[in-house]
Amino acid sequence: MRSFYCQVLLLIPNFLLLSAGTANREKMSLKVAVFMLALLCVCCVHRCVCFPNGSVAFSCGNMMPVHPPFTPSTSSPPFTVSTSAATYRPGDVITVTLAVVDNSSSQFQGFLLQARSRAQQALLWPVGKFTNINASQVTALHCKNIQNSTVSQASGDKKNEVRLSWEAPSSRNYGDVYFSATLVQDYSSFWVGLNSSSVKLDVSGSSAAAVSSSSALLFINLLSLTVYY
């Protein structure tokens, strides 16, 4: 409805210019230009505020909300990013929780979340994918054409906590991972780069398999030597 009002208001300057006499048109043109610029800014801000459905795929890389003229808050965030496990193996499913800190009255309206990795000194993102997505609460994004690799809010309703299921990649190449989030309290207050603790790759299984394989190979070699002699 407000977008309709914006369209109506944009017609006002044209009406004023048409109704003004020739002598007054030049004087009014500057005022009209300023008026239209201010009105355009208001309407654009309204459009940004009124699309809180998580369609923010353009922010996949820097995870930065476009909320002009505001910048990320540098104060201590009233939110946390935590995981249900400290280690993972390929294919594991981990619960990631975005929540308000204890004893805080704050709530958040929006979020953007993805898993990232620093393997061989290179920042790799996104890693893995989110599963069991409730479309009424969460919007799945396909950053870098990787299905469900990032998630954001499906509405601007205020939230105290959101829990999400993340499935680890089948490859061990990503090493330790962490979850990076943007939390939006309101249009002017948001935090970027809220990271969880590292979730370490569990290599015990692969090490045990390697030891077992080496032991079997050693046994075969000894057996062949015994037969030879």
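Three salt bridges turn up in this predicted model. One of them pairs the side chains of arginine 89 and aspartate 202, with N and O 3.1 Å apart. Arginine 89 is partly exposed, at 38% relative accessibility, whereas aspartate 202 comes out at 19% and so falls under the 20% cut-off for buried.

Next up is lysine 200, whose partner is aspartate 176; here the closest N and O atoms lie 3.6 Å apart. Since lysine 200 is part of strand 12 and aspartate 176 is in the loop between strand 9 and strand 10 (177–186), the pair ties together parts separated by 24 residues in sequence. Lysine 200 is partly exposed, with a relative accessible area of 45%, and aspartate 176 is partly exposed too, at 33%.

That leaves the salt bridge between glutamate 161 and arginine 163, again with an N to O distance of 3.1 Å. Glutamate 161 is partly exposed at 43%; arginine 163, at 59%, is over the 50% cut-off and therefore counts as exposed.

Strand 9 (residues 161–167) runs antiparallel to strand 3 (residues 93–100), and seven bridges join the two. Strand 9 is also joined to strand 6 (residues 129–131), again antiparallel, through three bridges. In that pairing, lysine 129 has glutamate 167 of strand 9 as its bridge partner.

How values were computed: Residues are numbered from 1 along each chain as its sequence is written. This is a predicted model: local features need pLDDT of at least 70, side-chain atom pairs count only at pLDDT 80 or more; totals for chains, interfaces and linings use all residues. Side-chain values use heavy atoms; hydrogens and water are left out. Two strands pair if DSSP finds at least two bridges between them. Helices (H or I, at least four residues) and strands (E, at least two) are DSSP runs, numbered from the N terminus. A salt bridge is a side-chain nitrogen of Lys or Arg within 4 Å of a carboxyl oxygen of Asp or Glu. Buried means under 20% relative accessible area, exposed over 50%, partly exposed in between (1.4 Å probe, protein chains only).
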